[in-house]
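Subject: Structure for you to look at

Hello,

Here is the structure I promised to pass on. Please open it next to this message and follow along.

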Amino acid sequence: MEVTIEGKAYIDGDFVDCCIGIVDGRISAIKKILKGDRYYNFGSKLILPAGIDIHVHFRDPGMTYKEDFSTGSLAAAFGGVSCVFDMPNTIPQTTSLQTLSDKIVSANKKAYVDFGIYVGVTDSNVENIEELTEKCSGFKIYLGSTTNSLQLDENNLKQTFKRINSASKPILIHAEDNKCLNGHKMWENNLVDHLHSRPAECEEIAIKSILKMSRNYLNRRIHICHLSSCEGLELLKNRSKNISVGVTPHHLLLNIEKNLKPQALYKVNPPVRTSFDRDALFEGIRNGFVDILESDHAPHTLEDKAGEFSSAPSGHPGVETVFPLFLSLAKKGKLSFQRLISLFCENPANLLGVSKGRIEVGRDADFVVVDIKEDCRINSENLHSKCGWSPFEGWPALFPTCVFVRGEKLIEEHEIQVKQGFGRFVGE
Ligand code: NCD
Ligand code: ZN
Ligand code: ZN
């Protein structure tokens with residue numbers, strides 16, 4: 001036995017006092033008593049599976065002044081996330097074997113946590129998308145335009161579903177209909193204008209066309225990213241099993257009626273909507289209608305966000321704060337630990353097919369250790385994203401004191417213990 005960890009661990013839906021044995025980075029045994037060469041006792045602290053963030057934009061390559069794979073994955077590590085999945089809207093966009101391989105080679109040198117890479121489907125690569133299946137973690141489709149997004153005409157959606165003839169790699173969709181967005185385009189002075197220019201109706205139209213299409217492709221796994229409206233959720237309530245739904249912390253915790261200032265920092269796609277939408281989505285995570293919590297970590301610098309509201313890019317950081325925010329809410333009883341672990345560990349692992357997300361023999365030994373008494377408030381000075389700010393400044397949070405990835409201590413007492421390049425590509 002190489003390493004043994006003792007504490008109150010989340011096993012099979014409950015916290016139990018036990019020892020977890022680790023050999024070669026994987027969980028080898030879970031018993032009342034175990035011996036190990038290296039032994040850590042966390043007493044009454046909680047040991048949970050580490051988080052998996054299926055939706056990050058690390059801006060690398062091309063916009064590394066906003067973020068790069070090293071700072072983004074360092075932020076993930078401090079936030080208790082052991083594995084991230086990076087979106088293709090970089091420069092160049094990840095739409096070919098070459099750009100995918102280049103991104104993997106570069107990320108392998110920089111990553112602090114494990115990672116997967118999505119490729120984007122566009123009108124120009126849809127014809128040869130199959131050749132990317134093996135290497136990528138999944139396919140991303142943008143039905144509506146957003147920050148540096150990839151264009152896929154709705155007419156090419158069917159083509160995409162036909163060609164991605166494999167249930168092993170999911171198709172992730174930004175579900176806002178472009179025609180609808182174009183019909184509502186206007187000069188935006190503030191968040192209310194942004195909301196009016198991207199109404200829930202556009203999300204509904206996109207979801208309807210996905211639902212219609214998916215009926216003929218029941219063996220493809222489809223994930224609807226960052227669901228933002230009550231109407232969208234209603235449409236998805238009777239979805240088939242192959243469709244999963246993700247929601248972000250900002251759509252669950254923020255609403256347009258709040259005094260969100262400076263406004264441009266909160267400009268995001270799809271927009272933060274009303275308290276009615278927020279509450280419906282929150283109910284959705286409680287009762288299981290929503291499957292996945294995803295940060296949509298989309299860092300932009302304060303300089304990029306300054307100036308005219310209309311020209312500010314959409315998106316904000318989140319990978320480091322998502323788990324701490326929701327651990328704090330779980331502590332307060334707003335959401336059960338069981339639901340949180342399904343949403344941020346178990347279901348993401350299932351969707352992406354990684355052997356993580358559960359404390360179970362055979363899986364990667366990825367854990368977070370949480371001292372439930374260590375409440376704090378989010379302070380962007382202590383965060384690690386290059387962008388240097390957070391839309392959740394001042395919010396209560398519970399950061400993990402210790403993070404293990406594949407049995408190695410990544411974070412101890414809030415300090416990083418490994419070097420860049422420790423993180424591994426999970427696709428091979
Ligand atoms: C994202 C970005 O900046 O890359 N922006 C956003 O507002 N969410 C793109 C996206 O996920 O739509
Ligand atoms: Zn999106
Ligand atoms: Zn995104």
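**Aromatic pairs**

A search of the whole structure finds 13 aromatic pairs. Rings of Phe, Tyr and Trp (its six-membered ring) pair if their centres lie within 6.5 Å; planes under 30 degrees apart count as stacked, over 60 as edge-to-face and the rest as tilted. One of the pairs is Tyr10 with Phe15, which is edge-to-face, with 5.3 Å centre to centre and 65° between the planes. Tyr10 has 4% relative accessibility and therefore counts as buried, while Phe15, at 24%, counts as partly exposed. Here buried means under 20% relative accessible area, exposed over 50%, and partly exposed in between (1.4 Å probe, protein chains only).

Phe42 and Phe404 also form an edge-to-face pair, at 6.1 Å centre to centre and 80° between the planes. This pair links distant parts of the chain: Phe42 is in strand β4 (residues 38-49) and Phe404 in strand β16 (residues 402-405), 362 residues apart. Helices (H or I, at least four residues) and strands (E, at least two) are DSSP runs, numbered from the N terminus. Phe42 and Phe404 are both buried. Ring pairs join Tyr40, Phe42, Phe367 and Phe404 in a cluster.

**How the values were made**

The model is predicted: local features need pLDDT of at least 70 and side-chain atom pairs count only at pLDDT 80 or more, while totals for chains, interfaces and linings use all residues. Residues are numbered from 1 along each chain as its sequence is written, chains are lettered from A and ligands numbered from 1 in the order in which they are written, and side-chain values use heavy atoms, with hydrogens and water left out.

**Zinc**

His174 (ND1) and His226 (NE2) coordinate the zinc ion (ligand 2) at 2.0 to 2.1 Å. Donors are N, O and S atoms within 2.8 Å of the metal (3.2 Å for Na, K and Ca); water is not among the atoms, so sites may look incomplete. His174 lies in strand β9 (residues 171-174) and His226 in the loop between β10 (222-224) and α7 (230-236), so the pair ties together parts that are 52 residues apart in sequence. His174 counts as buried because its relative accessibility is 2%. His226 counts as buried because its relative accessibility is 2%. The zinc ion (ligand 2) and the zinc ion (ligand 3) are 3.7 Å apart.

Regards
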